[in-house]
Amino acid sequence: MKAINAVRMGGVDVLPLVEGGKGVSVSTGASAGAWAAAGGAGTVSIVNADSYDEAGHPVPQIYHGRTRRERHEELVDYAIRGGIAQAQIAHETAGGQGRIHANILWEMGSAERVITGVLEGAKGLIHGLTCGAGMPYRLSEIAATYGVYYYPIVSSARAFNALWKRAYSKTSDLLGGVVYEDPWRAGGHNGLSNTEDPLKPEDPYPRVAALRKLMRSFGLDETPIIMAGGVWWLEEWEDWIDNPELGPIVFQFGTRPLLTKESPVPDAWKQRLLTLKKGDVYLNRFSPTGFYSSAVNNSFLQELRGRSERQVAFSPESLGAHDVAYGVGARKREVFVTADDLAHIRGWEAQGYTEAMRTPDSTLIFVTPDRAREITADQVACMGCLSECKFSNWSQRGPSYTNGHKADPRSFCIQKTLQTVAHTSGPEADEVVDNNLMFGGTNAWRFGSDPFYSNGFVPTVRQLVDRIMTGR
């Protein structure tokens with residue numbers, strides 16, 4: 001195994017190891033600070049992070065506003081206060097070692113307000129901004145305003161080319177690195193394009209080599225590329241280390257830090273990770289963002305898949321093969337379906353899926369009455385956690401604050417499920433974990449086969465970093 005040496009990143013020498021940012025209440029100051037204290041770059045998530053009361057208990061994010069817009073303002077306030085709190089914890093835990101980065105989703109509701117609010121309230125505590133889930137053109141401008149480095153997340157050289165030419169070339173001195181997030185292997189939301197097959201993963205090496213070639217044409221020979229997605233043992237990536245074609249490479253670990261003592265996820269989640277088998281992580285397109293996302297294939301995702309499978313097209317009037325009348329809703333408003341689809345509908349109704357819900361694509365999905373009430377309630381309670389949401393049809397742009405489409409019942413309230421799974425405990429935890437969204441990279445199944453975790457061993461962050469540095 002080649003020696004794993006420090007790299008220059010964000011103005012200092014650090015281990016070439018980055019903790020990946022993991023959404024709502026998962027990448028906290030405790031885990032990020034511990035990663036930085038071990039010599040790498042820790043990442044706090046400022047996506048609706050937890051803040052705390054005077055007793056040190058997390059403040060529940062409860063919304064009182066009567067309108068979506070009012071609730072959205074409450075959400076922004078929660079996010080800023082939580083981001084500042086986590087940055088403070090990370091700074092104190094790191095003890096001056098490593099780097100502390102803050103992760104934000106560009107497609108998060110009011111992302112710029114949250115970023116600037118956190119940076120204002122945590123001056124000097126955050127060294128870098130990591131940002132993906134969209135095209136964050138203004139990331140470099142925000143970083144320059146506050147004197148921090150920035151780390152855009154891309155999944156292709158083409159994406160970085162657009163960012164560079166439109167904005168980043170003006171602030172190249174603060175570009176700390178470029179995160180290549182593999183769209184097939186990384187956990188959470190992924191950047192698959194319409195031309196890429198989600199079922200046919202591509203080798204990341206040619207894609208990263210193309211990214212480096214482009215960066216060299218911009219004079220970015222020594223700017224690190226951070227490989228994110230599918231990294232487990234570094235000995236499997238030995239040909240990437242000190243590779244002249246690739247230049248400086250840093251490795252990002254998003255899934256592995258879930259299973260550490262500092263990780264805030266519930267014990268039920270940690271134990272579930274140890275039982276996963278190959279194929280138990282599912283790349284799906286149910287997210288209200290419209291992006292593909294990678295998550296554990298539990299009952300939550302299976303229920304979403306069932307919604308889409310129990311789906312038929314309809315016409316508002318008799319047209320062609322859609323000539324059989326069917327009544328929708330309590331008022332039995334008439335639409336028309338095919339004879340074959342009516343047979344399917346009768347079969348689903350016999351199984352208890354008696355409620356038909358319209359989608360923006362002129363289809364009907366069939367769910368139980370309880371599920372229909374839950375979907376409707378979640379849509380009504382929307383607080384605008386995304387810039388645009390296909391589940392609730394929210395858009396942060398006024399004056400109507402809608403995206404112009406009907407709400408889509410085939411998706412879900414991502415804020416609700418991520419808050420629920422991150423904060424569950426007690427005897428119901430196993431059920432809660434199985435029935436909510438559990439993001440994870442496609443290599444999450446390796447927890448159960450890696451001898452490092454034998455007998456259910458859960459390491460500290462430092463023990464994990466030390467193990468990673470051995471290469472095995």
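K22 counts as buried because its relative accessibility is 15%, where buried denotes under 20% relative accessible area, exposed over 50%, and partly exposed in between, with a 1.4 Å probe and protein chains only. The structure is a predicted model, in which local features need pLDDT of at least 70 and side-chain atom pairs count only at pLDDT 80 or more, whereas totals for chains, interfaces and linings use all residues. Residues are numbered from 1 along each chain as its sequence is written, and side-chain values use heavy atoms, with hydrogens and water left out.

K22 forms a salt bridge with E19, in which the closest N and O atoms are 3.6 Å apart; a salt bridge is a side-chain nitrogen of Lys or Arg within 4 Å of a carboxyl oxygen of Asp or Glu. E19 likewise counts as buried, at 1% relative accessibility. A search of the whole structure finds 25 salt bridges. One of these links R446 to E236, with the closest N and O atoms 2.7 Å apart. R446 lies in the loop between α13 (429–434) and α14 (461–469), and E236 in the loop between β10 (225–228) and β11 (249–253), so the pair ties together parts that are 210 residues apart in sequence. Helices (H or I, at least four residues) and strands (E, at least two) are DSSP runs, numbered from the N terminus. R446 is buried, with a relative accessible area of 10%, whereas E236 counts as partly exposed at 38% relative accessibility. Salt bridges that share partners also join E303, R307, R371, E374, D378 and K416 into one network. In the salt bridge between D13 and R8, the closest N and O atoms are 3.4 Å apart; D13 and R8 are both exposed.

When residues up to four places away in sequence are not counted, S45 touches K22, G23, V24, S27 and N103, contact being defined as heavy atoms within 4.5 Å. A polar atom of the S45 side chain lies 2.7 Å from the backbone oxygen of G23. S45 is buried, its relative accessible area being 1%. The C-alpha atoms of S45 and A32 are separated by 9.1 Å, the two residues being 13 residues apart along the chain. A32 is one of the buried residues of α2, together with G29, S31, G33, A34, W35 and A36. Helix α2 (residues 29–37) is mostly covered, with seven of its nine residues buried. G39 follows α2 and has a positive phi, near 110 degrees.

A contrasting case is E74, in helix α3 (residues 68–94). E74 is buried yet has no salt bridge, and R71, the nearest side chain of opposite charge, is 6.4 Å away. In this assignment Lys and Arg count as positive and Asp and Glu as negative, while His and the chain ends are not counted. A polar atom of the E74 side chain lies 2.7 Å from the backbone nitrogen of G65. Apart from neighbours within four places in sequence, E74 is in contact with I62, Y63, H64 and G65.

Backbone geometry was also examined. Most residues other than glycine have a negative phi. S362, which is not a glycine, has a positive phi of about 55 degrees; S362 lies in the loop between β17 (355–358) and β18 (363–367) and counts as partly exposed at 38% relative accessibility. N393, also not a glycine, has a positive phi of about 65 degrees. N393 is placed in the loop between α11 (369–380) and α12 (414–423) and counts as buried at 15% relative accessibility.

Grid points are joined across faces, edges and corners, and a volume is the space filled by probe spheres set on the points. There are two cavities of 30 Å³ or more. The largest cavity has a volume of about 80 Å³ and is lined by 13 residues, of which C382, C385, C389, S392 and C413 lie nearest its centre. The second largest pocket has a volume of about 400 Å³. Of its 15 lining residues, W184, R185, P201, V281 and T442 are the closest to its centre. Strand β12 (residues 281–284) provides the largest share of the lining of this pocket, three residues.

Key
A polar contact is a pair of N or O atoms within 3.5 Å; within protein, one must be able to donate a hydrogen and the other to accept it, and residues adjacent in sequence count only if both atoms are side-chain atoms. On a 1 Å grid over the protein atoms alone, a cavity is a set of points where a 1.4 Å probe fits but cannot get out, and a pocket is an open set with protein on both sides within 12 Å along at least five of seven lines; lining residues have an atom within 4 Å of a point.
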